[in-house]
Amino acid sequence: QVQLVESGGGLVQPGGSLRLSCAASGFTSSSYYMAWFRQAPGKEREFVAAISWSDSNTYYPHSVEGRFTISRDNAKNTVYLQMNSLKPEDTAVYYCAADQSKATIFLSPDYWGKGTLVIVSS
């Protein structure tokens, strides 16, 4: 059974940094794409970043490119999201997701974690 468990959320001041972690289990990670999404209060869920386990190609929307970095540790079966220069509009619940298909990882991944809350506020 696929399980994704996020951690690392919290309160951070504008301009600060935070690193989220997603521990994955129950599947052969080398064949999956992994992604981060976020959902702010009153807004739709938004794609934030994705990475291929096999070749480490990464994907970002313009809203976070240059500030967020997705990476993975194969040995630990863990994906990270390093977030720098955080803004109040980055406040959201951040979700880890997994899917075997590049076609669907950006929109509707098969597997989701329960999320971790990030609040950017002074």
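Start by selecting Cys22 and Cys96: they form a disulfide, with their sulfur atoms 2.0 Å apart. The term here means a pair of cysteine sulfur atoms within 2.5 Å, and this structure holds one. Before going further, note that this is a predicted model, where local features need pLDDT of at least 70 and side-chain atom pairs count only at pLDDT 80 or more, while totals for chains, interfaces and linings use all residues. Residues are numbered from 1 along each chain as its sequence is written, and side-chain values use heavy atoms, with hydrogens and water left out.

**Stop 1: around the disulfide**

Which hand does the disulfide have? The torsion about the S-S bond of Cys22 and Cys96 is about -80 degrees, so the disulfide is left-handed. Cys22 sits in strand E3 (residues 18–25) and Cys96 in strand E9 (residues 92–99), so the bond ties together parts that are 74 residues apart in sequence. Strand names follow DSSP runs numbered from the N terminus (helices, H or I, at least four residues; strands, E, at least two). Cys22 has a relative accessible area of 0% and is buried; Cys96, also at 0%, counts as buried. Buried means under 20% relative accessible area, exposed over 50%, and partly exposed in between (1.4 Å probe, protein chains only).

**Stop 2: strand E8 and its neighbours**

Now colour residues 78–83, strand E8: five of its six residues are buried. E3 runs antiparallel to E8, joined by six bridges, and Ala23 stands opposite Thr78 in E8. Strand E7 (residues 68–73) also pairs with E8 in the antiparallel sense, over six bridges. Two strands count as paired if DSSP finds at least two bridges between them.

Next, follow the hairpin of E7 and E8, with its four residues between the strands. Asn77 is in that loop, and its phi is near 55 degrees, a positive value in a residue other than glycine. Is Asn77 buried or exposed? At 17% relative accessibility, Asn77 counts as buried. Then jump to Ser85, in the loop between E8 and E9. Ser85 has a positive phi too, near 50 degrees, but counts as partly exposed, at 41% relative accessibility.

**Stop 3**

Show the side chains of Arg38, Glu46, Arg67 and Asp90, which salt bridges with shared partners join into one network. A salt bridge here is a side-chain nitrogen of Lys or Arg within 4 Å of a carboxyl oxygen of Asp or Glu, and the structure holds three. Here they are:

- Arg38 with Glu46: the closest N and O atoms are 2.8 Å apart. Arg38 is buried at 7% relative accessible area, while Glu46 is partly exposed at 31%.
- Asp90 with Arg38: 2.8 Å, N to O. Asp90 is in the loop between E8 and E9 and Arg38 in strand E4, so the pair ties together parts that are 52 residues apart in sequence.
- Arg67 with Asp90: 2.8 Å between the closest N and O atoms. Both Arg67 and Asp90 are buried.

**Stop 4: the cores**

Hide those and select Leu4, Met34, Trp36, Leu81, Met83 and Tyr94: of the 29 residues in the largest nonpolar core, these touch the most other members. A nonpolar core is a set of buried Ala, Val, Leu, Ile, Met, Phe, Trp, Tyr and Cys residues joined through side-chain atoms within 4.5 Å. Strands that each supply at least two residues of this core include E3, E7, E8 and E9. For a second, separate core of eight residues, pick out members including Tyr33, Ala50, Tyr59 and Ile105.

**Last stop: out on the surface**

Switch to a surface view and select Leu11, Leu117 and Ile119, which make a nonpolar patch of about 290 Å². Such a patch joins nonpolar side chains (Val, Leu, Ile, Met, Phe, Trp, Tyr) within 5 Å, using residues with over 30% relative accessible area and no salt bridge. Leu11 is in strand E2 (residues 10–12) and is exposed, with a relative accessible area of 64%. To finish, go to Gly8, in the loop between strand E1 (3–7) and E2. The C-alpha atoms of Gly8 and Arg19 are separated by 6.1 Å, with the two residues eleven apart along the chain.

Methods:
Patches are made of residues with over 30% relative accessible area and no salt bridge: like charges are joined within 9 Å, nonpolar side chains (Val, Leu, Ile, Met, Phe, Trp, Tyr) within 5 Å. Accessible areas come from the Shrake-Rupley method with a 1.4 Å probe; for residues, only the protein chains shown count as cover.
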